[in-house]
Amino acid sequence: MDLGGIFAALLDVVGSPYHMLLLLIAVPFGMLFGAVPGLGGKLGIVLAIPFVFGMDPLAGAIFLISMHSVVHTGGAIPSILFGVPGTGPDAATVVDGLPMTRKGEAGRAIGAALGASGVGGVIGGLFLLAVLPLLRPVVLAFGPAEFFLLALFGITFIAMLSGDSLSKGLLVGMFGLMLATVNLDPQTGTQRYTFDQLFLWDGIDIITAVLGIFAIPEMLALGAAGGSIAALGKRSATSYGFGGVLQGIGDVFRHWGLTIRTSLIGAFIGMIPGLGGDAASWLCYGHAVQSSKTPERFGSGAVEGVIAPETANNSKEGGSLLPTLFFGVPGSSGMAILLGAFVMLGIQPGPELALTGMDVVWALIWALMIANVLAVVMFFVLAPSFSYLSYVRGSVLIPFVLTLTYLGSYLSHRAWENLVLLTALGVLGYFMKKYDWPRPPFVIGLILGPIVEDSFHKAMALWGPAFLLRRGSLFMLALIAASIGAYVWQLRNKSRGSLA
Amino acid sequence: MTPRTFLNGRLLTAVVMLAIFVAMSIMALGFPAKARLMPLLFGIPGSVLALARVIVELRASEHMSDVEKKGNERAQQGEQQMFVWLILFFIGILLFGFIYAAPVLVFAFLCVGKKELLVTGLISAICTWVMLYGLFEIAFAIPLFQGLIVEWLLA
């Protein structure tokens, strides 16, 4: 390992006032784009591209990677305070973040998200530094068979996300998978459920689906209840100061095992091209539920339910740099846009980068880690004031969030038809929320659907049904079996406990 | 026992899910073999599971009290009002676009729907307009949806 080169790159970043200034500008912008529902890191990069045009390639790349790497740190704010995920991967934070706010623990939840994001981002970067020379052949060895089974492995986590009713969870997951087939069939070009609508040819927009299933139902419920998001009664707003935030940060270190595990899982998933960050946060949330001794607390305000997706959200950015930079295969959709921006700046991703551009690679990894640390500091200073937002009357909040929700849906694809889809999914999502249908499996089904279908067809074409007997497939099948076995074992323990 | 006895939101949600799965599975039969593989792979078990869910909800509804079925009247009223506002936001933005409709809707929601102070409504409406027009249209140079009627008038 070229330790001299690695630390020279660190000096290049922190020793340059210009690079540090860019980092200081990029971090709040990244957090802002994460915090405003529907904007997200992708739009942030697109909007930033004109500003970095003509910049020194390394400086421009540092600006973009720093901005992109902290999007989910900001995205935790609306997820926790309003139940409105800033971006798709932040949806998992809503599941326990919002109940914590309702219990009057907004500060703690924000602190946990902040600490987890920072630690996750740094671990993700360190992970990449450590495995970069070793894991290159592993990523290359991942074929369609492994992709298919990895996606199925993700879907088995639906069971862990299903709350009390497994059948409802499975149904909602399958509903997501079904809606993922709304598109032009990639095999035959046949229009599936598109009703001759052009905006459906590329499939249902994930941002619209997530906003419809999560944001609109929260606002409808808030308006119907007529109260503020946090049902805090007589508790004073000032109790949500640094104390709560510090407690949340402390929770991250109290659950150090979970923090490290989910950071590593997130970084690993980030490395696998196409699986994306949305899957990382949900898989890590599922892992937190599965590995907990008290899984029944999840969904009603368990701090581990905030820590797990937040660590994964930031750590996967480190992991997804590997395929993006070395194979030119983006690890996520955000990385796909970043890839285009790198090319525009004159950084040509590909195997040649390993031979001639490692100084750039090390600098980007350091920038990613420093941005995460800076985001923690900036966020920590402002965190108590974010908590006050919980006390904003619901009636004042609702029209703004509805406007931003419609805006986010429109901006994601610039198609007004998405507004129709958003409203329909919003109404359905409200009744799902009202009658205890778990909504997270819908999102994971929708995200993994195309991966399942594409990988399955490719694997069948290459190896036929024997693709299941490949070494990587057997490993993934073992993981699926172990996951199902662990769930059944937990159910048995639970029923024995209730009988006793 | 009348059909009304069974009618409740839980059952209707399950029925809607069943209808979606069945309809999508039937439609999938018209696709070529490769294209229908995945929709049927998820659609058929989904339909069976949804049918089972409908039966479970149907049985559960027999044991529900009238209050459980009808729900809290006040909550229902609030729910209906919110659905009306959601539709108004949807139609308003769809027809008149973000720049014109959103500030008016924010003002109307606050002052008419929630009886907030006129000043609160006005400030909120202005903030919305500044965000949409100032930040997105001017600062970010992102043209926002103008609405079907405005687009038609401009055309």
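Tutor: We start with burial. A residue counts as buried if 20 or more other C-beta atoms lie within 10 Å of its own, and as exposed if 12 or fewer do. Keep in mind that this is a predicted model.

Student: What share of the residues in chain A is buried?

Tutor: Of the 500 residues in chain A, 60% are buried. In chain B, which has 155 residues, 30% count as buried.

Student: How do I read contacts along the sequence?

Tutor: Two residues are in contact if their C-beta atoms lie within 7 Å. Take the contacts with a separation of 6 or more and ask what part joins residues 24 or more positions apart. That part is 81% in chain A and 59% in chain B.

Student: Let us take one helix. What is the span of α12(A), and what is expected?

Tutor: Helix α12 of chain A covers residues 256-271, which is 16 residues. From its first C-alpha to its last it reaches 23 Å, close to the 22 Å expected at 1.5 Å a residue.

Student: Is α12(A) mostly covered or mostly open?

Tutor: Mostly covered, with 12 of its 16 residues buried. Among them are Leu258(A) and Thr259(A), and the run from Thr262(A) through Ser263(A), Leu264(A) and Ile265(A). Gly266(A), Phe268(A) and Met271(A) are also buried.

Student: How many residues does each chain give to the contact between them?

Tutor: Chain B gives 46 residues and chain A gives 43. On the side of chain B, the elements with two or more residues there are α2 (9-28), α3 (33-62), α5 (73-113) and α6 (118-139). The largest share, 16 residues, comes from α5(B). By class, this side of chain B has 32 nonpolar, 8 polar and 6 charged residues.

Student: Where should I be careful?

Tutor: Where pLDDT is low, the predicted coordinates should not be read in detail. The mean pLDDT of chain A is 79, and 80% of its residues reach 70 or more.

Technical notes: Residues numbered from 1 in each chain as written. Chains lettered and ligands numbered in written order. Predicted model: local features only at pLDDT ≥ 70, side-chain atom pairs only at ≥ 80, totals over all residues. pLDDT = per-residue confidence, 0-100. Helix = DSSP H or I, 4+ residues; strand = E, 2+ residues; numbered from the N terminus. Nonpolar A, V, L, I, M, F, W, Y, C, P; charged D, E, K, R; others polar. Expected span 1.5 Å × (residues − 1).
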